[in-house]
Amino acid sequence: MQNSGERITVLANLSEILLEYTHLSKEYERTLHNYGLQEAFGLEIMFNHMEIHVLSAIAETPGIAAQDLAARFYRTKSAISHMIKFFVKYKLIIKQENPLNARINNLYITDIGRVAVENHAQHEAKIFQKLLPDYEEFSVEDLETTYKAIQIFMQAFKNSL
């Protein structure tokens with residue numbers, strides 16, 4: 001059994017690599033991608049990483065409200081509102097007034113938005129397929145354990161906000 005000093009060292013290393021990943025992911029988030037809307041609809045729309053994931057969340061959760069998206073993605077309501085305006089402008093989503101609360105709009109994906117989301121999912125699947133050889137030495141259980149360890153870090157961060 002490892003002593004607590006060894007565990008602390010490994011946790012510190014994990015924390016450092018997660019911090020580095022966070023910085024890299026922020027850079028990647030700014031990179032614009034086209035998800036096939038030019039080919040399908042003649043629309044030249046480019047998405048950053050956060051935009052396509054917010055659009056995907058709308059597709060996965062029909063009727064979701066902006067404040068729920070803000071909480072889910074740790075963004076301000078203003079930032080989400082800006083994305084929603086962009087999505088509506090390009091007919092990627094529609095807004096419908098909530099019948100129980102006129103101050104809330106429920107958001108729904110359109111066919112155009114669904115194509116972008118589906119193409120993004122295919123894009124990510126290709127990336128994960130390319131990564132598979134790098135993870136050959138890891139069992140599914142190893143990956144699940146890593147996932148659980150990262151979840152603990154995430155919960156600690158959430159608790160500190």
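Modeller: Before you ask, a pocket here is an open set of points on a 1 Å grid over the protein atoms alone, where a 1.4 Å probe fits and protein lies on both sides within 12 Å along at least five of seven lines; lining residues have an atom within 4 Å of a point.

Colleague: OK. And what kind of model is it?

Modeller: It's a predicted model: local features need pLDDT of at least 70 and side-chain atom pairs count only at pLDDT 80 or more, while totals for chains, interfaces and linings use all residues. Numbering runs from 1 along each chain as its sequence is written, and side-chain values use heavy atoms, with hydrogens and water left out.

Colleague: How much space is in the largest pocket?

Modeller: About 2,500 Å³, counted as the space filled by probe spheres set on grid points joined across faces, edges and corners. The lining has 41 residues, and Y21, T22, S25, I150 and M154 are the closest to the centre.

Colleague: Which elements give two or more residues to that lining?

Modeller: α1 (4-30), α3 (49-60), α4 (66-73), α6 and α7 (140-160). Those are helices, meaning DSSP runs of H or I, at least four residues, numbered from the N terminus. α1 gives the most, with 12 residues.

Colleague: New topic. How many salt bridges are there in the whole structure?

Modeller: Three, taking a side-chain nitrogen of Lys or Arg within 4 Å of a carboxyl oxygen of Asp or Glu.

Colleague: Where do E27 and R30 lie?

Modeller: Both are in helix α1, three residues apart, about one turn of the helix. E27, at 48%, counts as partly exposed.

Colleague: And what does E29 meet in a salt bridge?

Modeller: R75, at 2.7 Å from N to O. E29 is in helix α1 and R75 is in the loop between α4 and α5 (77-89), so this pair ties together parts 46 residues apart in sequence. R75 is partly exposed at 28% relative accessibility.

Colleague: Which residue does R72 pair with?

Modeller: R72 bridges to E60, and their closest N and O atoms are 3.4 Å apart. Distant parts of the chain get linked here, with R72 in helix α4 and E60 in helix α3, 12 residues apart.

Colleague: Is E60 buried or exposed?

Modeller: Exposed, with a relative accessible area of 57%. R72 is partly exposed, at 41%.

Terms used: Buried means under 20% relative accessible area, exposed over 50%, partly exposed in between (1.4 Å probe, protein chains only).
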